[in-house]
Amino acid sequence: MLILLPQAIVDGLMIGGIYITIAIGFSLAYGVMHIIDFAVGEWIMLGAFLGYYLTEWTRIEPLFYLPVVFVLFGLIGYLFQPVIHRVLSGKKGNPLLMALVFTFGLALMFKGLGLTIFGFYSRSIPSNLSAGSLSLEWGNFFVTIPTIRLVGLIYALTITVLLNLLLKKTDFGLAVRALAQNKEAAGLMGINAKRTNSWVYGIYVGISAMSGVLIGCTFSISAQMGAKYTVLSFFIVVLAGMGYLSGVPWAAILLGLVQSFFLIYFNPGYTLLAVFVILYAVLLVSPKGMFGKGV
Amino acid sequence: MMKRGLLTVMALALIAAGPALAQDRDFYKVGVITSLSGDLATGGNVTKRGYDLWAQAVNDEGGIEIDGKKYKVQLFYTDAQSKPDQGASGAERLATQEKVDFVLGPYSSGVTLASAPVLEKYKIPMVTGSAESPLIWEQKFKYTFGTIPPVNYTGATPIETIRSLEPTPKTAVILGSNDTFSKATAEAFQAAAEEKGIKVLKFNIVPTGQDLTPFMSAVKVLRPDLVAFGGHDEELINLVKSLRQINYTPKALLMHYGVTEPAFVESLGADAEGVFGGSVWTETVHAEAEILWKDAMTYAKAAEDAFGVAADYTQAGSSTAGIAFQAALMKIGAAPPLSDDERDALVQALEEIDLKTFYGRLKFATEGQYYHANIGITPLTVQIQNGKTVIVGPEKDAEADPIYPLKPWDQR
């Protein structure tokens with residue numbers, strides 16, 4: 001079965017790519033706003049359905065719609081953030097817990113809304129790319145790379161690089177990092193916390209929605225798909241270290257590889273168990289994530 | 001003190017009046033347990049359509065006729081949320097609070113297995129229109145019946161059909177999702193394949209909702225002639241997409257339930273072509289009925305008119321569950337509400353049913369491993385051809401020749 005080794009690695013990387021896309025925005029939102037958004041899967045679902053309908057109506061390659069989805073959902077997120085901010089900055093009770101409950105409720109609401117509007121059937125976004133694959137062979141070894149997954153990996157890496165550039169090289173990024181470090185001090189330095197938070201939330205929602213389109217091309221979508229991706233992104237972000245953005249790609253790829261190797265070489269029934277064990281072990285040794293840099 | 005005394009009297013009066021209120025009811029209270037949300041919402045909603053359609057058809061005729069008087073039916077839903085425990089507590093609620101006369105059963109075997117013991121306790125008969133795991137019938141529940149035969153009764157038929165094709169498939173990879181129904185399906189496929197001399201190269205139960213692409217890469221190396229998969233709708237769609245992405249086309253691809261669901265063809269388009277499935281009913285099946293809809297086509301049309309979507313065998317099976325009760329009630333002549341004795345008589349009547357319906361012959365087994373499952377019906381092999389579900393086996397029921405081997409994905 002050594003013959004499958006290159007394939008196992010490639011498959012793992014591809015799965016990792018998809019995981020990056022669903023977790024990177026989530027990590028950003030947590031790092032800056034300290035909010036665990038349980039609705040992340042639902043943003044993915046809503047984005048996927050927007051992509052689905054746009055493609056159905058116009059029959060244009062869905063990946064061209066990624067910017068449209070990003071802008072639209074970015075705007076929704078931007079406008080929506082003040083609501084979460086109100087909950088999060090409340091004086092009574094435990095605001096962090098309230099925010100958690102709030103986003104959980106949001107997730108339930110979106111799911112119900114999705115079931116009512118989109119119905120309960122599974123769908124898939126028709127993409128020309130999802131049909132093709134590249135095959136490489138040398139000697140006994142071979143690798144099949146599904147085009148759509150390759151695109152997904154490239155997209156994930158691009159987003160990661162762009163986000164890093166945004167955070168490290170721009171004034172906006174500086175403001176965001178300052179906010180993440182110390183809200184009060186940043187405010188004293190003249191940073192508009194509310195507006196910056198709104199932008200961050202907008203970016204996060206936009207990225208998540210775009211990932212939805214990609215997931216819709218690779219797998220299938222349904223109004224209830226959210227929960228699965230919420231759990232996954234939560235895993236990855238915890239593994240990477242809560243709020244530590246640069247850890248996300250590594251954690252995502254690690255999980256992807258674990259999954260791929262288990263499916264190919266061991267009993268597929270134990271794949272999820274393996275993922276849990278790794279998460280547990282990492283948290284036991286280093287509660288701040290793989291790199292010890294989480295919050 | 002005075003106040004508390006008054007409250008007690010009022011409460012007592014209510015308790016006394018309760019049964020009296022329940023007494024003069026001129027309709028049947030029908031409980032329905034099904035999953036309207038969660039992973040199994042698709043199938044759950046399909047069963048709901050089946051049950052609703054039956055209730056509507058019966059009420060359009062004025063109701064079920066008992067001693068010259070017609071009694072309507074009214075459905076009381078409980079959402080099992082795709083979770084067995086929710087199904088069980090739903091059953092409890094239907095029995096103790098709603099006090100239903102009988103129950104139309106859940107979608108999915110797992111929920112059925114959890115709800116059946118509860119209804120057994122309260123002695124409330126249930127006919128389920130969509131549970132296919134053999135485990136249910138092995139438990140020999142007295143009050144539970146099912147209109148769809150279990151997969152170990154139906155699963156062999158598609159394997160037989162595929163085995164008879166040229167060039168003969170010699171090897172197979174069989175996998176199933178990790179839930180009650182899908183596991184049973186995979187095991188039924190495995191047993192049938194081994195019996196027919198198809199070598200099973202790999203047999204695996206995989207967790208639900210997993211990305212199976214790496215697994216299929218490993219399968220690709222084995223180059224099996226047949227890939228057979230037990231799973232639910234979304235998983236089937238993902239599996240076909242996985243196979244297509246790694247560009248491996250086996251000679252035959254067999255899935256059980258879900259292939260006949262309209263969403264399968266709709267989401268996969270040309271990739272759905274040629275996929276085999278197992279079924280017990282399609283709208284073109286020959287079935288002359290003596291009750292309600294006169295044949296399969298009439299039912300299919302009624303379903304299309306009501307919901308705008310083609311009916312599949314789960315929906316038909318669910319409507320038939322209603323018909324089973326209807327026929328049994330007419331036989332024992334019990335008007336609502338049903339007493340405990342009448343419920344027992346209803347079970348007796350269900351056991352004795354031998355009825356021609358639009359769904360085919362309805363006859364519940366009264367002994368053996370299929371105890372209380374419908375064994376009156378012939379299992380069919382179906383295949384997606386030109387976007388439609390077509391019967392391709394067994395030979396006497398076939399409408400078209402099977403397409404075999406599968407056309408490679410990249411030539412579609």
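Tutor: Let's start with two strands of chain A, β1(A) and β2(A), which pair in the antiparallel sense over six bridges. Keep in mind that this is a predicted model. To find your place along the pair, look for L134(A), which stands opposite I145(A) in β2(A). The two strands make a hairpin, with two residues between them. In that turn sits G139(A), whose phi is positive, at about 60 degrees.

Now for the neighbouring chain. In this model, 33 residues of chain A are in contact with 33 residues of chain B. If you sort the side of chain A that touches chain B by class, you get 16 nonpolar, 13 polar and four charged residues.

Let's cross over to the partner. Chain B has 14 helices and 15 strands. Its radius of gyration is 23 Å, close to the 22 Å that the globule rule gives for 412 residues, so chain B is as compact as a globular protein of that length. Along its principal axes, the C-alpha trace of chain B spans about 85 × 50 × 40 Å. Buried residues make up 57% of the 412 residues in this chain. And of the contacts in chain B with a separation of 6 or more, 69% are between residues 24 or more positions apart.

For one packing detail inside chain B, find helix α2 (residues 41-60) and helix α12 (residues 296-307), whose axes come within 11 Å and cross at roughly 105 degrees. An angle from 65 to 115 degrees counts as roughly perpendicular, and α2(B) and α12(B) are therefore roughly perpendicular to each other. Where do they meet? On the α2(B) side you'll find R49(B), L53(B) and A57(B), and on the α12(B) side A302(B), A303(B), A306(B) and F307(B). By class, the residues of this contact between α2(B) and α12(B) come to six nonpolar, no polar and one charged.

How values were computed:
Residues numbered from 1 in each chain as written. Chains lettered and ligands numbered in written order. Predicted model: local features only at pLDDT ≥ 70, side-chain atom pairs only at ≥ 80, totals over all residues. Contact = placed C-beta atoms within 7 Å. Nonpolar A, V, L, I, M, F, W, Y, C, P; charged D, E, K, R; others polar. Axes fitted to C-alpha atoms, helices over the stretch in contact; angles between N-to-C directions. Helix = DSSP H or I, 4+ residues; strand = E, 2+ residues; numbered from the N terminus. Parallel < 35°, antiparallel > 145°, perpendicular 65-115°, else oblique. Pairing = 2+ DSSP bridges. Rg over C-alpha atoms; globule rule 2.2 N^0.38 Å. Buried ≥ 20, exposed ≤ 12 C-beta atoms within 10 Å, placed from the backbone.
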